[in-house]
Amino acid sequence: MATNERTTSPGTFSDGLVAGIVTEARYVVGDSVVMAWRNLLKYRRSPELLLFSTVSPVMFVLLFVYVFGGAISTGPISYTDFILVGILVQTTLFGSTQTGIGLAEDLQKGMVDRYRSMPMARSAVLAGRILADTIRNVFVVYLMIGVGMAIGFRFHGGFWPGFWVPFLVVGFGIAFSWVAAVIGASVRNVETANSVGFVYIFPLTFMSSAFVPVETMPDWLRPIAEHNPITRAVDAGRAMAQGGPLVDDVLLTMAWIAGITLVCAPWAIWQYRRVS
Amino acid sequence: MSANGEAIAVHDVCKSFGSVHALIDVDLEVQRGTVTGLLGPNGAGKTTLVKILTTLLKPTSGRASVLGFDVQRQARQLRNVIGLAGQSTAIDELLTGRENLEMVGRLYHLGGKVAKHRADELLDRFSLVESADRQSKEYSGGMRRRLDLAASLVSTPQVLFLDEPTSGLDPRSRLDLWAVIMELVREGTTVLLTTQYLEEADRLADQIAVIDHGAVIARGTASELKKRAGSEFIMVRVLEKGMLPQAANVLLRFSEEEPQLDEHENTATISVANGSSLLVEVVRALDAENVVISDLGLRQPTLDDVFLALTGRTAEDAATSREGESVDGD
Ligand SMILES: Nc1ncnc2c1ncn2[C@@H]1O[C@H](COP(=O)(O)OP(=O)(O)O)[C@@H](O)[C@H]1O
Ligand SMILES: [Mg+2]
């Protein structure tokens with residue numbers, strides 16, 4: 001039958017190996033796309049999810065700009081220009097916790113039992129999750145930039161640096177999706193994954209340069225904020241959008257993205273595969 | 001593939017979760033094209049065995065294979081030839097019935113066209129055509145079960161695992177599902193199904209393995225097991241508790257064994273060889289002694305009776321003692 005093609009014996013050893021790797025890669029990509037499609041469908045089918053991931057970030061932009069805008073001094077750049085990148089990063093980080101929640105839900109509901117009993121690529125459940133969350137993040141980031149521009153946000157740093165801002169923010173979100181995946185695959189419970197997400201994302205974003213300049217923080221907090229990867233990503237994004245020295249921050253952010261991914265991706269896959 | 005026609009072979013399989021021994025030295029052979037029922041109360045180890053055979057769990061020790069593919073070393077090939085409908089339905093509630101089946105087809109790498117075609121076929125077969133394009137969260141319990149079963153058949157598996165396929169279903173849906181499973185069997189699919197109901201195993205299975213506390217304690221056909229449990233039961237419910245001894249006296253004439261009395265339910269039960277022919281005589285005898293009855297019935301032996309005969313405990317007792325043993329309630 002069509003499903004048995006994989007059990008047919010390979011030709012020569014190297015032939016079989018190469019063909020095997022190519023087939024395997026095709027399955028990983030194909031299966032991940034199927035899983036991503038399924039995860040994205042959820043946003044269309046479940047209006048409250050879509051609402052959560054679009055309306056609330058937009059609301060955040062408006063609230064921060066109009067409520068705090070007058071109260072916080074951000075030096076030479078306007079608060080709108082200052083805050084938008086911070087909120088972009090914050091939103092993608094909150095969005096990334098959805099990766100863990102969705103994974104936990106699948107594991108909890110026994111959906112994964114069916115996937116595991118099928119000859120599909122095992123990494124596809126994780127990869128499809130992250131792919132879907134990344135696509136959603138891209139959509140939300142552009143939407144927020146659009147809303148921001150409507151209320152006065154501008155890229156003062158030139159076209160090309162500004163062009164790369166969404167990539168940086170979304171890339172940073174992917175790294176944190178892996179963190180969330182580790183949590184989701186470990187706790188295997190939606191509520192726990194949800195609350196654990198809040199416990200690390202909230203302090204992490206507030207103890208960073210996302211909403212207020214680090215210089216305004218108390219002495220004891222400043223070093224923490226300075227070393228927070230979120231500060232690095234926000235400062236990098238801000239410099240790209242508004243001009244100023246950016247090389248150090250961009251390199252550091254990329255190092256954080258690589259570091260977090262290198263640690264958390266294998267860890268998440270291992271946790272997901274863990275079978276007693 | 002194995003030469004001797006074995007679809008499933010399990011040798012000395014043990015599985016422990018910490019201090020809980022979910023399976024102890026289980027041996028099982030299932031011939032191709034046959035249906036085997038794994039009968040046992042809650043916590044007996046049925047799901048654990050199904051999970052081991054479908055590569056979801058690793059055995060602690062022992063060997064198991066499906067169509068000659070070892071569950072550990074050849075998991076990939078094995079997954080190509082099996083289908084699983086687990087104890088909890090694995091359907092995606094946000095997707096429609098059709099989308100669920102198509103997705104499974106794509107994940108089996110059938111290709112888009114074939115996956116679509118197969119989905120249509122299965123929707124038709126499982127009477128889900130009308131609700132095919134509705135989100136499956138709106139489905140009734142019976143429809144969910146059917147969709148789940150359909151999903152397990154997308155790749156036309158040679159060996160099918162059904163873990164308590166009808167638990168929680170109303171009698172009507174249960175009958176429907178039985179009919180579907182029987183049809184699959186006629187087409188030659190090998191089936192391993194678990195159940196808590198002797199009646200279900202009787203209807204569907206060629207042979208039954210009774211499992212208790214992780215060990216297989218009896219094997220045989222349904223009629224063999226029923227014989228061991230005492231063939232049939234006549235149950236009499238009296239109107240007033242005071243009449244129970246009198247009723248017991250009457251029943252004693254029809255059976256060699258003492259009637260079982262239930263003081264709460266006001267019932268007396270005897271096991272008999274040919275219940276239906278005795279029923280009328282029992283009523284006449286009770287009437288002659290002026291025993292007023294409120295209910296009378298002829299009952300086939302259940303898992304409980306088999307358990308009582310095999311272990312001296314009821315299946316319910318076995319399940320409760322099991323619960324006290326496990327570390328967490330899962
Ligand atoms: N993941 C697990 N961790 C610990 N104990 C488990 C686990 N899965 C099953 N058990 C225990 O193993 C025993 C057999 O369970 P199971 O196979 O689910 O029984 P059944 O399906 O017959 O109801 C039970 O005592 C159960 O509590
Ligand atoms: Mg079970």
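What volume does the largest cavity have? The largest cavity has a volume of about 60 Å³. This is a predicted model, in which local features need pLDDT of at least 70, side-chain atom pairs count only at pLDDT 80 or more, and totals for chains, interfaces and linings use all residues. Residues are numbered from 1 along each chain as its sequence is written, chains are lettered from A and ligands numbered from 1 in the order written, and side-chain values use heavy atoms, with hydrogens and water left out.

**Cavities**

- There are 5 cavities of 30 Å³ or more in the structure. On a 1 Å grid over the protein atoms alone, a cavity is a set of points where a 1.4 Å probe fits but cannot get out, and lining residues have an atom within 4 Å of a point.
- Grid points are joined across faces, edges and corners, and a volume is the space filled by probe spheres set on the points.
- The largest cavity is lined by B:A85, B:G86, B:R145, B:D148, B:L149, B:L162, B:P165 and B:L177.
- Its lining comprises 5 nonpolar, 1 polar and 2 charged residues; Ala, Val, Leu, Ile, Met, Phe, Trp, Tyr, Cys and Pro count as nonpolar, Asp, Glu, Lys and Arg as charged, and the others, Gly among them, as polar.
- Helix α5 (residues 141-152) of chain B gives the most to this lining, with 3 residues. Helices (H or I, at least four residues) and strands (E, at least two) are DSSP runs numbered from the N terminus.

**Second largest pocket**

- The second largest pocket has a volume of about 480 Å³; a pocket is an open set of points with protein on both sides within 12 Å along at least five of seven lines.
- It is lined by 24 residues, of which A:K42, A:L49, A:E105, A:K109 and B:L94 are the closest to its centre.
- α3(A) gives the most to the lining of this pocket, with 6 residues.
- The lining has 11 charged, 7 nonpolar and 6 polar residues.

- B:T47 lies in helix α1 (residues 46-53) of chain B and B:Q87 in the loop between β6 (82-85) and α3 (97-107) of chain B, so the pair ties together parts 40 residues apart in sequence.
- B:T47 is partly exposed at 22% relative accessibility, and B:Q87 is partly exposed at 32%. Buried means under 20% relative accessible area, exposed over 50%, and partly exposed in between (1.4 Å probe, protein chains only).

**Nonpolar cores**

- The largest nonpolar core has 114 residues, and A:Y115, B:L101, B:L149 and B:I208 touch the most other members. A nonpolar core is a set of buried Ala, Val, Leu, Ile, Met, Phe, Trp, Tyr and Cys residues joined through side-chain atoms within 4.5 Å.
- A second, separate core of 30 residues includes B:L23, B:L56, B:A64 and B:V81.

**Chain B**

- Chain B has 12 helices and 14 strands.
- Of the 330 residues in chain B, 53% are buried.
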